[in-house]
Amino acid sequence: MELVWKLLRQHISIPQFAGFAFANLFGMLIVLFGFQFYKDVLPVFTQQDSFMKADYLIMSKKIGMGNTLSGRTNTFSGSDVDDISSQKFVKKIGKFTSTEYKVDASMGVNGVNVLNSELFFESVPDGFVDVPLKDWKYEPGSQEVPIILPRTYINMYNFGFAQSHSLPKISDGLMGMIDFHIFIQAGGKKEQFKGKVIGFSSRLNTILVPQAFMDWSNHEFAPEEHSDPTRLIVEVGNPGDENITKYLEDNGYEVETDKLDAEKTTYFLRMIVLMVMVIGLVISVLSFYILMLSIYLLVQKNSSKLENLLLIGYSPGNVAMPYLWLTIVLNVVVLLVAWCILFFIRDYYMDFIEALYPDIEEGTMCPAIALGLVLFLIVSVLNMIAIRRKVMRIWLRKD
């Protein structure tokens with residue numbers, strides 16, 4: 001094999017192999033980056049609320065200029081609720097109940113006051129809240145109230161207040177750091193409560209409290225007040241049912257941040273990643289062609305000498321081995337360099353993703369590592385087959 005190495009070194013074209021290495025690295029990196037980025041970003045579009053199931057839709061009436069000028073209300077009457085519940089696609093329906101009194105609240109983190117504002121609470125029937133009952137429970141008279149905060153509140157804190165005040169960022173696993181105090185003053189009564197944050201919602205822009213607390217507090221602080229719901233929570237069998245869209249359009253209803261939007265976004269994400277990976281694969285195929293062309297030229301230049309080696313007793317495997325090792329080493333170097341570059345690129349973009357979505361699972365580079373190994377094995381096997389066939393043709397004197 002040493003003789004073959006000497007022959008091979010005489011005709012190696014550094015620019016040809018450098019071109020192959022660069023093209024293969026570029027193609028491999030595009031493929032691995034597209035696949036890894038898709039795996040890292042997908043949870044952003046598919047993660048569910050910490051309390052709401054996937055098949056729940058938040059329904060409200062559209063508000064337009066006609067409603068404002070005519071004075072028509074955007075609340076749901078009893079007949080509206082009955083009509084919606086009678087639809088075949090509806091499995092269960094619940095009303096949003098809002099506070100009939102004034103609420104002031106303050107939120108702090110690590111002893112630092114973050115928010116002081118007048119707010120309002122809403123509630124839905126407990127059957128729609130997908131958290132353990134022991135966490136979503138209120139006994140009348142208790143000073144601790146479970147609450148679910150809009151994720152927008154936490155995002156504003158993480159990206160604004162926390163950075164400027166060097167405070168820790170809040171994720172689902174650090175909800176216990178939030179101090180939430182509730183002050184109610186109505187009907188000549190004053191009361192103070194401590195809010196216990198048990199989850200965040202990206203589908204609701206309101207603070208959710210248990211139905212038991214809402215019923216008790218409305219009766220306690222505003223017994224004479226009552227208003228119809230402006231939003232409904234509806235469980236459907238299939239969020240993609242065309243009958244849902246038609247019914248909403250016919251009745252002037254709309255759905256807030258419905259599941260269909262997330263599915264459409266995920267679909268377009270898959271399409272973009274697929275196109276990027278196809279481009280990378282095309283570049284990799286072209287680089288494979290460059291490598292095989294270079295190897296063929298090397299073999300062709302040494303064909304008479306290789307034929308002599310075969311005639312004096314060298315096996316085709318021994319003659320082909322140096323060329324096989326050359327391609328395998330090049331492929332290994334390209335794969336390792338691609339992994340290293342991808343590691344730094346991923347570390348860079350994950351900082352932005354984790355800043356925007358602190359509770360997202362960080363994941364690993366295992367998808368890119370696995371895909372890289374698969375591509376390496378496929379390319380190496382194809383290289384081995386092509387080289388052995390070329391040497392066998394010389395041995396059989398077909399070239």
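Predicted model: local features only at pLDDT ≥ 70, side-chain atom pairs only at ≥ 80, totals over all residues.
Residues are numbered from 1 along each chain as its sequence is written. Local features need pLDDT of at least 70 and side-chain atom pairs pLDDT 80 or more, while totals for chains, interfaces and linings use all residues.

Let's begin with the record. An unreviewed UniProt entry annotates residues 12-38, 267-299, 320-345 and 365-387 as "transmembrane region"; such annotations may be inferred rather than shown by experiment. In the model, the span 365-387 is 96% helix and 0% strand, and its end C-alpha atoms lie 33 Å apart. Helices here are DSSP runs of H or I with at least four residues, strands are E runs of at least two, and both are numbered from the N terminus.

Next, look at helix 4, residues 78-85, where Asp80, Val81 and Ile84 are buried. These buried residues line one face of the helix, because they fall within an arc of 95° seen down its axis, the arc being that of the directions from the axis to the C-beta atoms. Ser79 and Asp82 are exposed on the face turned away from that buried side. Buried means under 20% relative accessible area and exposed over 50%, with partly exposed in between, using a 1.4 Å probe and protein chains only.

Strand 7, residues 144-150, has six of its seven residues buried, so it is largely enclosed by the rest of the structure. Strand 7 runs parallel to strand 9 (residues 189-201), and seven bridges join them; strands pair if DSSP finds at least two bridges between them. One place to look is Ile147, whose bridge partner in strand 9 is Val197.

On a 1 Å grid over the protein atoms alone, a cavity is a set of points where a 1.4 Å probe fits but cannot get out, a pocket is an open set with protein on both sides within 12 Å along at least five of seven lines, and lining residues have an atom within 4 Å of a point. The second largest pocket holds about 300 Å³ of space. Of its 16 lining residues, Thr97, His226, Ser227, Asp228 and Pro229 lie nearest its centre. That lining has three nonpolar, eight polar and five charged residues.

There are two cavities of 30 Å³ or more. Helix 2 (14-46), helix 10 (316-356) and helix 11 (366-395) each supply at least two of the lining residues, with the largest share, three residues, coming from helix 11.

Technical notes: Heavy atoms only, no water. Points joined across faces, edges and corners; volume = space filled by probe spheres on them. Nonpolar A, V, L, I, M, F, W, Y, C, P; charged D, E, K, R; others polar.
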